[in-house]
Amino acid sequence: MMTKRRVTLTVNGEHVEPLVEANALLVNVLREELQLTGTKYCCGTGQCGGCTVLVNGEPILSCLTLAVAVDGADILTIEGVAKPDGSLDPIQEAFLDHGAVQCGFCTPGMILMAKDLLAHDPSPSEERIREHLRGNLCRCTGYHRIVKAIGSCGQ
Amino acid sequence: MGNTRILTREFEYVAPETMPELLALLDRYGPAATIIAGGTDVVPQLKYEKISPDYLIDVTKIAELRTVRRDGALHIGAAVRLRDVKAYCRDNETYACLGDALGSIGQAQVVNMGTLGGNICTASPAADSALALLVLEARVRLIGSGGERVVPLDAFFRGPKMTGMEPGEVMAEIQVPAVVDHTGSAFRKIGRVAGDISKISCAVAVQSDGERCLSCRIGMGAVGPTPMRMPGVEQLLSGRAIDAGVMDEAADRIAADISPLTDVRSTEFYRRRVSRVLFKDTFDQAWKRVQR
């Protein structure tokens, strides 16, 4: 039996201290301990980007991250993207306006990647957007509408 | 087969903050310990039950392993993230082939998580950064409780997933010697899709006077048990004026000297055929980058 340890995280601005085992993956702590099921478990092997969350402002794959290894981190999941009053982020609005969501499974990862990109490059070119999303797979949209949606957020 | 949703293996996680603490842990736990940095390789290996450690030692909290410094040579701490090395290469064109290699990894998330030392210690014959470092004549500094040693990268790789690292040793840094003047370098790979693991890769560093190749270093990846230097072709090109005929000769020699296999990613036939043009394109790009 592994000893559990308490990790201190700020998740979507909220201070939490889940008790986790050494082999607990961040994706499962988010989904099962914190009930934040917006983060998806998809391929489980770091190939599809579906489990992407921002750790200290940078996108990482939560299915390949040990929760204990990010002790002290500031984490943003899809649940923290909309404003506290429930109004959507401009990226989320753009995804709706452009029909960039079909089954929706890849959407949380796509939106977090878009947040990361726009934070560093407020008006990215189409090429830059496609480059940035290279690690995020979508089996429905053919990417076109996702790229358009993100492009429309540029100034 | 393993389970990709959870880790079924039970282990203790330790994250030392200093090198002496790390070395003491490696001595105490011996083969029961596995070192983890970014986790992009170790965690899938745990999921597929390729490794079964009792202790996982996270080296990313050790400040010494997370720094980049320059004193003629470039010293990159083994746990410096690929993202930071990539940013450094973007600002310093001298290491263009390393920048190309890190750029070809593709997934921003993996570049944020993975470390340069991790990419090397994994010792994949297809490792992108390792091939670029090979033609930059990089060395690795290894530290164990018995002392430390510096090993040239081409002597470090022993076979697929095998390195010259002794039990109890840890990689402290990667040293890239200063690049001599009038040198250009490039890395290219062929994968099924952008960002995929290489079917075949090539790195070239060439020193030229504008007409002749004064010296060069050529590496080929995923065509043998380790990333390989191509000494025969390096000799063939050194001192020669570069024209289409010489390049054809060199490309034939590349195709003859590599020893590719047929595996899940490609075939021996394809790899040998495509090696010629991949080498020519990479050499051409390195040549164009020579600063005059």
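This is a predicted model: local features need pLDDT of at least 70, side-chain atom pairs count only at pLDDT 80 or more; totals for chains, interfaces and linings use all residues.
The axes of α4 (residues 96-103) and α7 (residues 128-135), both of chain B, come within 8 Å and cross at roughly 175 degrees. Angles over 145 degrees count as roughly antiparallel, and α4(B) and α7(B) are therefore roughly antiparallel to each other. On the side of α4(B), the contact is made by B:C97, B:L98, B:D100, B:A101 and B:L102, while α7(B) contributes B:D128, B:S129, B:L131, B:A132, B:L133 and B:V135. Sorted by class, the residues of this contact are eight nonpolar, one polar and two charged.

## Other strand pairings in chain B

Chain B also holds an open sheet of three strands in the order β1-β3-β2, and here the pairing is parallel. In this sheet β1 (12-14) and β2 (33-36) of chain B stand at the edges, each with a single partner strand, so one side of each has no neighbour in the sheet. From one strand to the next, the twist averages 25 degrees.

Strand β6 (residues 139-144) of chain B pairs with β7 (residues 147-152) of chain B, and a hairpin joins β6(B) to β7(B) through two residues. In this pairing, B:L142 stands opposite B:R149 in β7(B). Strand β6(B) is also joined to β10 (residues 170-176) of chain B, where B:R139 stands opposite B:Q175 in β10(B).

| Strand pair | Bridges | Sense |
|---|---|---|
| β2(B) and β3(B) | four bridges | parallel |
| β6(B) and β7(B) | six bridges | antiparallel |
| β6(B) and β10(B) | five bridges | antiparallel |

## Chain B as a whole

The secondary structure of chain B comes to eleven helices and 14 strands. The domain assignment gives chain B a domain 1 (12-58), a domain 2 (63-176) and a domain 3 (183-288). Between domain 1 and domain 3 of chain B, the C-alpha centres lie 36 Å apart. Taken along the principal axes, the C-alpha atoms of chain B fill a box of roughly 60 × 45 × 30 Å. A compact globule with 292 residues would have a radius of gyration near 19 Å, and the value for chain B, 19 Å, agrees with this.

## Chain A and its contacts

Chain A is divided into domain 1 (4-80) and domain 2 (90-152), and the centres of these two domains of chain A, taken over C-alpha atoms, are separated by 21 Å. Their contact takes 15 residues from domain 1 of chain A and twelve residues from domain 2 of chain A. On the side of domain 1 that touches domain 2, the elements of chain A that give two or more residues are β5 (52-55) and β6, and β5(A) gives the most, with three residues. By class, this side of domain 1 of chain A has eight nonpolar, five polar and two charged residues.

Chain A also meets chain B, with 23 residues of chain A in contact with 24 residues of chain B. The largest share of the side of chain A that touches chain B comes from strand β6 (residues 58-61) of chain A, which gives four residues. The residues on this side of chain A divide into eleven nonpolar, ten polar and two charged.

Technical notes:
Residues are numbered from 1 along each chain as its sequence is written. Chains are lettered from A and ligands numbered from 1 in the order in which they are written. Axes are lines fitted to C-alpha atoms, for helices over the stretch in contact, and angles run from 0 to 180 degrees between N-to-C directions. Angles under 35 degrees count as roughly parallel, over 145 as roughly antiparallel, 65 to 115 as roughly perpendicular and the rest as oblique. Two residues are in contact if their C-beta atoms, placed from the backbone, lie within 7 Å. Ala, Val, Leu, Ile, Met, Phe, Trp, Tyr, Cys and Pro count as nonpolar, Asp, Glu, Lys and Arg as charged, and the others, Gly among them, as polar. Two strands pair if DSSP finds at least two bridges between them. Domain bounds come from an automatic or database domain assignment. The radius of gyration is taken over C-alpha atoms; the globule rule is 2.2 Å times the number of residues to the power 0.38.
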